[in-house]
Amino acid sequence: MENKLNLDPQTILDKEFHVDFKGYSPAEVDEFLDSVIQDYQIYERKIGELGEKLMAQERANASLKARIIELESRQKVMEEAGQNSFNQVDILKRLSRLEQEVYKNKQMD
């Protein structure tokens, strides 16, 4: 199935119908085709507007994805820094306990 339209406003405008003995009223056909042309023009305008909105949304989406990656990277760095500081605090607590034990042992001697 092809996604190409068979008609556009200009094709509709240029279409000529042959009139036979019991044919349609040319004025009535022209009036109807004018209405169809207006609908096509509105349709084309809306498609263009929606395409622009889609592009804007895709740009915003890409920007937000980049921001998420940046924030996840920062979070990882912060978590690693937090783990390092936790390890440093743990080491300082152990060192402090060792110093207290050494100090107690020196007082006992």
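How far apart do the end C-alpha atoms of residues 54-81 lie, and what share of the span is helix? They lie 40 Å apart, and the span is 100% helix and 0% strand. Helices here are DSSP runs of H or I with at least four residues, strands are runs of E with at least two, and numbering starts at the N terminus. UniProt, in an unreviewed entry, places a "coiled-coil region" at residues 54-81. Its annotations may be inferred rather than shown by experiment.

A word on the model. It is predicted: local features need pLDDT of at least 70, side-chain atom pairs count only at pLDDT 80 or more, and totals for chains, interfaces and linings use all residues. Residues are numbered from 1 along each chain as its sequence is written, and side-chain values use heavy atoms, leaving out hydrogens and water.

Now the whole chain. It has two helices and zero strands. Along its principal axes the C-alpha trace spans about 130 × 25 × 15 Å. Of the 109 residues, 6% count as buried, meaning under 20% relative accessible area with a 1.4 Å probe, protein chains only.

Last, Leu5. This residue sits in the segment before α1 (9-14).

Notes
Buried < 20%, exposed > 50% of the residue type's maximum accessible area, 1.4 Å probe, protein only.
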